[in-house]
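Me: Could you walk me through this model? I'd like to start with the pocket and then move on to other parts.

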Amino acid sequence: MSKPYTLNELLIIAIAKEIHDYENVVLGVGIPMTSGALAKALFAPHATLMMESGIIDFQPTVPLNHIADCLSCRGFSFSTDLFSTFTMTYRGFVDVCFLGVAQVDKYGNLNTTVIGDYDHPTMRLPGSGGAADFISYAKRTILTMRGGEFVEKLLYRTSPGYLDGGDSRDRSGHFPQGTGPTKLISTQGIFEFDPTTKEMYLAKVHPGVSVDKIRKKVPWDLKVSPDLTETERPTDDEIDFIRRFAPTESVGKNIAVELAIAKMMKRTQAQ
């Protein structure tokens, strides 16, 4: 039995296991970068980690502050620019990328642009950035969802998943054949996409989570794998690495801030 772990740690490890040895991987700041560092250390030592800004084949030493933070890594093979990173993706050199989800439909199409009417939004989201390019041209895309939601119909389609399902993505002629999202890792389970219909289905549940609880979050008739399994519990080595490398990601930034404030208040009161 491994030591107790946090939900963030479970997500970081599940994401890290999607990185395979000798793959070229584009990583964003935050949980994906921590997952990349974990994979490089324990699962995929020969994976080539890349920042969106153009820093290629590096070893993270501490969590990055931004996508061009070369001071937080060591041993990178070379540094190019953002344009070159994107063109490498277009030319098929990126094996896997990771994208966060604000809204997602059953075919893996994403909205990270706006909630509500586009011209008079309830909430303006960060937009595409490189997301639409990466999900369009990377060989595999892993979606991650911590605070997002499943929707029957997107309010705005920022990034293309499998469009209308089936072979509609391949038939469109806009994307390399066989590309698209392959998994969605959420706070409750792991979802995959049917190879024929391209509809999302539940493949794994996290420990302590029921299928019924997940169904309540999904507005369509969610299909469940007949071989449904439980997400593997983290090992002590995996947990220890995350807590050394990124303690803030381990507990979550909100809790980390609360702990820091409480510690500061305690020191103030003691003076």
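Me: Which helices and strands each supply at least two residues of the lining of the largest pocket?
Reply: Helix H1 (7-16), helix H2 (31-43) and helix H4 (131-137) do, along with strands E1 (24-27), E7 (96-100) and E12, where helices (H or I, at least four residues) and strands (E, at least two) are DSSP runs numbered from the N terminus. The model is predicted, with local features needing pLDDT of at least 70 and side-chain atom pairs pLDDT 80 or more, while totals for chains, interfaces and linings use all residues. Residues are numbered from 1 along each chain as its sequence is written, and side-chain values use heavy atoms, with hydrogens and water left out.

Me: Which one has the largest share of the lining?
Reply: E7 does, with four residues.

Me: OK, switching to H2, how many of its residues are buried?
Reply: Ten of the 13 residues in H2 are buried, meaning under 20% relative accessible area with a 1.4 Å probe, protein chains only; among them are Ile31, Met33, Leu38 and Lys40.

Me: And Arg140, where is that, and is it buried or exposed?
Reply: Arg140 lies in strand E12, residues 140-145, and counts as buried because its relative accessible area is 16%.

Me: What does its side chain pair with?
Reply: The side chain of Arg140 makes a polar contact of 2.7 Å with that of Glu23, a polar contact being a pair of N or O atoms within 3.5 Å, one able to donate a hydrogen and the other to accept it.

Technical notes: Buried means under 20% relative accessible area, exposed over 50%, partly exposed in between (1.4 Å probe, protein chains only).
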